[in-house]
Protein chains: 2
Amino acid sequence: MSNTTKPLAGVKVLDLTRVLVGPYCTMMLENLGADIIKVERPETGDDSRNFGPFFEDGEESAYFVSLNSGKRSIVLNLKEEEDLTTFKKLVQQVDILVENFRPGTMEKLGIGYETLKELNPKLIYAAASGFGHSGPDSQKAAYDMIVQAASGIMSITGHPEGPPVRVGVSIGDIVAGIFTATGVLAALYQRTVTGEGQKVDVAMLDCQVAILENAIARYMVEGEPPEPMGARHPSITPFQAFKAQDGWFVIAAGNDVLWAKLCEALEREDLVEDPRFKNNADRTENIDQLVEILEGELATKTVAEWQEILDEYGVPSSPINTVDKLFDDPQLAARNMLVNLEGYSEEMFVAGNPIKMSNLPEEESKPRAPKLGEHTEEIIAELLEE
Amino acid sequence: MSNTTKPLAGVKVLDLTRVLVGPYCTMMLENLGADIIKVERPETGDDSRNFGPFFEDGEESAYFVSLNSGKRSIVLNLKEEEDLTTFKKLVQQVDILVENFRPGTMEKLGIGYETLKELNPKLIYAAASGFGHSGPDSQKAAYDMIVQAASGIMSITGHPEGPPVRVGVSIGDIVAGIFTATGVLAALYQRTVTGEGQKVDVAMLDCQVAILENAIARYMVEGEPPEPMGARHPSITPFQAFKAQDGWFVIAAGNDVLWAKLCEALEREDLVEDPRFKNNADRTENIDQLVEILEGELATKTVAEWQEILDEYGVPSSPINTVDKLFDDPQLAARNMLVNLEGYSEEMFVAGNPIKMSNLPEEESKPRAPKLGEHTEEIIAELLEE
């Protein structure tokens, strides 16, 4: 096999997922070269086909196409005998099944893991759900907002004494989608050793707890739950957002050397020797005085001016970019992180694949998302009529 | 091989990582059963051994142990010939190498990927860095704060017109750690097909862009960059934090059925027929009026009281938990999401593994993190003197 075959070339995925957590998982597998067979219900298909915003004269959901590019769509009504039979035949032809139904739904349809395992013992069955396939809350519905609140993430995001803040992206779904893909790949590797498939069970709530770790460690030692800290780091100073003449930007002076460079850049070398700010612990203790002094200096120039000066001194800093600015970033362009979808009359850029691999060629565009049921006949002919 | 062998049993990882992004990646691989050989420099080891908060009478960093449980530590000075020779011999005995140095550092030490590939063509070489191993900013230092700002995540987190808000966990590092582990596993699978290793190159900035997707889609269609929306969902209503009598909590009424149930739970069935709130689009358009009405009702009872009522009506809701509350959650207990580390005199709970797999037995405790160089002789005897 040639070196440029994609890592998951030849791997077939039966994808029963809808909306975000599951489609994000299978999008990652598609990025890595797997063949994604998206099973959709008749008429409506994946709910997110109806989520705004829309483009192509209202014909296409930008939300849906950004998650489903390059997948193939087959329509099956899993509540009807004939289609269920087709589905079970497909299960015998694939490597992986991914679903994000509420736990128990697949069993009600007569296609739970225990049943499918009999049909295909090599099947890797991955389920992403809100609370997981075990435990007292297993049957409860979860949304991103619910797990952001329940997990503690919201309790440490925002300004002290301020109103609650949701993380502006759906990390409750997205992080669970990534963990699910990771579990699928670990199972796929193990299958090459044992010859057998297994079940992967990922809960959105669990995943939010898994990304908290520093906050849990702080609570264990300090005995008090951590609180929100606005835009600053809990224990490194100065490492936060500051106001310049024309707006906010961030400076991350992660150690004493960078602190000294920052003082030089500001022409305030006197601060390096100031006993209030000598080391990181001092600076963190006297943060209010420090911020007042720094903002006095930073107010004299614009973000762009400071950016240039701080770059010169090697002090990490960044503007707080809005999403449009990403399209002007030469680094993101060099990394192919915004790719256009083919086959639409309007431009539709989506995020690229962040996993760069030597056997995974970078492509400047990606295939469009499938129309509902577009590949029904093709898939049946290919997988079931050989 | 028995069914209960962990997915990555027998997989050896040479782990050169420090602080967060790399150690998070190898922690995931350890959770899945891989043998992690942590290579640390003499005297100080992983920088995070010196990061607070500390426990065990100041002997142990809670930050470090929460990321390095179950790994083995070998001390090598990669700037000295003898240790470099040992290192190169180890490279020939392992499956995977993970590093999170600034790009170019491994080459300066004479152990860049091109060199190591000659020594071990089956080696999977994974590099996690701030901006990646290509592009004009490749050599720049990045911290979590920098990529949160540069990627656009900060621009959509927080309250409209409010000061910037950093996501309260280091998602810049952590998400990149998860993506790196995913890339490693895809490469490990491909190696079973091709017999060859490859390089995996993951940038923190790229990963933040990859989790933005909905925001990019909105920008593409609307032409205006999305703005922060506090604690509400951009297009679903009511789906946000609300004030009850004793504090904030979240309600996620994701569709018209849940909206009707919420009205019932509040004994405000009149709102279901109110033309201002008939469907989701109406509710989103008239959100200010809706929030005023709902907060009027919600102010009459506590969060716990509403919780019970909304559970009864099946309306998704959650308190905004602080981290201490996780220890009282029966669901997280049932999922084994907080596990104690063995071998310390004090309790030290860390987040459990969110990837539940049928071949991965759940354990209620995990091994402690290694002392610096604790396994140097053991590893050399085991891998190099057979």
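Here is the tour, from the whole assembly down to a single helix.

First, some housekeeping: this is a predicted model, in which local features need pLDDT of at least 70, side-chain atom pairs count only at pLDDT 80 or more, and totals for chains, interfaces and linings use all residues. Residues are numbered from 1 along each chain as its sequence is written, while chains are lettered from A and ligands numbered from 1 in the order in which they are written.

**Stop 1: the interface.** How many residues of chain A are in contact with chain B? Counting contacts as C-beta atoms, placed from the backbone, within 7 Å, you get 120 residues of chain A against 120 residues of chain B. Now select 171–194 of chain A: this is helix H7, which gives the most to that side, with 17 residues. (Helices are DSSP runs of H or I with at least four residues, strands are E runs of at least two, and both are numbered from the N terminus.)

Stop 2: Strands pair if DSSP finds at least two bridges between them. Zoom in on A:Asp201, whose bridge partner in E14(B) is B:Lys356.

**Stop 3: a sheet in chain B.** Next up is an open sheet of 3 strands, ordered E13-E12-E15, with mixed pairing. Its edge strands are E13 (349–351) and E15 (365–366), each pairing on one side only. Strand E12 (residues 338–341) pairs with E15(B) in the parallel sense over 2 bridges. Click B:Asn340 and you'll find B:Ser365 of E15(B) opposite.

**Stop 4: helix H10 of chain A.** Select residues 256–265 of chain A; A:Leu258, A:Trp259, A:Leu262, A:Cys263 and A:Ala265 are buried here (20 or more other C-beta atoms within 10 Å of the residue's own, all placed from the backbone). Look down the axis of H10(A): the buried residues fall within an arc of 160°, so they line one face. The arc is taken over directions from the helix axis to the C-beta atoms. Those residues pack against strand E10 (247–252), helix H11 (270–273) and helix H14 (303–313) of chain A. Finish on A:Glu267, which follows H10(A) and has a positive phi, near 55°.

Notes: Two residues are in contact if their C-beta atoms, placed from the backbone, lie within 7 Å. A residue is buried if 20 or more other C-beta atoms lie within 10 Å of its own, exposed if 12 or fewer, and partly exposed in between; C-beta atoms are placed from the backbone.
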